[in-house]
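Trainee: Could you walk me through reading some features of a model?
Mentor: Happy to; here it is.

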Amino acid sequence: MSYFSYKNNILYCEKVKISDIADKYGTPAYIYSKKTLSENFDAYANAFDKKSGLICFSVKSLSNLSILKFLSEKGSGFDIVSGGELERTLLAGADPKKIIFTGIAKTDEEILFGIEKNILSFNIESKSEMMRIEKIARDKKKLVDVAIRFNPEIDAGGHEYIKTGRKKDKFGILVSETLKLAKYISNSEHLNLIGLSCHIGSQIFELDDFKAAANFTKKLAEEVNKMSIELKFLDVGGGLGISYTDSNFPSPKDLLKIIENELQDRDEKIILEPGRSISGNAGIMISKIEFPKSCKG
């Protein structure tokens, strides 16, 4: 739930009048509800029943340092897409071993930064990126943990521009290429494959889409295991969408139940990367009207 509400036509954040905040700090200003963030995060973190899991908050949905610090203290991991986001999460006190570096265009500097900070994993999005990470790891005489972000060819998402799991989308690696890369990594002296990752899109409410992605992940993991590769985690991507009109939609508990059932025969940790379903209803921006303007001629 959200802790922004009106009482006698006065807007409050939890028990604080928004007008009091505006008077004290001025406008424009961003205001966040700690209770809302806490309950939204806990809804995911406490939803694991049968499996070991890690919630990696998607930093691109809200990168405020105080928010990141609060979530880190609650045990959250983080899904990042840039060197700047990595720096912010570390400044907020995040455990590097709970940070996954996603993104299709990681620079040499960003990769080196992640290696130096000993993050949990890089999500490899292409063969070219794999070769870049391996070269940097070789130059630094390091063994780097990586995961392969594969493309499950699932058409899901609330809008054409936020669908990420179809064959034509730029994200992830097709399955046939994934197995080739897994074999290459298994023979590499500087790369260590510890996970598989997929992300089918944003603003998804249909649990069948998540079920299909989890099932696809399981079958791919079985093929990877045949190469004598032992995986540590299966990253099933983003969380649920959020409704802007009503409250009749699945809960994190519903989502994790579906995923756990599909992966019940697997031993790997489950990773989920929710963003807006944790942060979306936790904050507002306030501003002040400076001038009225009539639209009449």
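Mentor: Let's begin with accessibility: buried means under 20% relative accessible area, exposed over 50%, and partly exposed in between, using a 1.4 Å probe and protein chains only. This is a predicted model, where local features need pLDDT of at least 70, side-chain atom pairs count only at pLDDT 80 or more, and totals for chains, interfaces and linings use all residues. Residues are numbered from 1 along each chain as its sequence is written, and side-chain values use heavy atoms, leaving out hydrogens and water.

Trainee: Is lysine 141 buried or exposed?
Mentor: Lysine 141 counts as exposed because its relative accessibility is 74%. Its phi is positive, about 55°, although lysine 141 is not a glycine. You will find lysine 141 in the loop between α6 (127-139) and β9 (144-149); helices (H or I, at least four residues) and strands (E, at least two) are DSSP runs, numbered from the N terminus.

Trainee: What is phi of glutamate 14 near?
Mentor: Phi of glutamate 14 is near 55°, again a positive value in a residue other than glycine. Glutamate 14 sits in the loop between β2 (10-13) and β3 (16-17) and is partly exposed, with a relative accessible area of 23%.

Trainee: Which residues does a cis peptide bond join?
Mentor: Threonine 27 and proline 28, with omega about 0°. Proline 28 belongs to the loop between α1 (18-25) and β4 (29-32).

Trainee: How far away is the nearest side chain of opposite charge to glutamate 273?
Mentor: For charge, Lys and Arg count as positive and Asp and Glu as negative, while His and the chain ends are not counted. A salt bridge puts a side-chain nitrogen of Lys or Arg within 4 Å of a carboxyl oxygen of Asp or Glu. Glutamate 273 is buried yet has no salt bridge, and that nearest side chain, lysine 60, is 6.1 Å away. Contact means heavy atoms within 4.5 Å; leaving aside neighbours within four places in sequence, the contacts of glutamate 273 include Asp79, His199 and Asp235.

Trainee: What does the chain average in pLDDT?
Mentor: pLDDT is the predictor's confidence in each residue, from 0 to 100. The chain averages 90, and 91% of the residues score at least 70. Over residues 155-170, however, the pLDDT is below 50, although this stretch has 42 contacts in the model beyond near neighbours in sequence. Where pLDDT is low, the predicted coordinates should not be read in detail.
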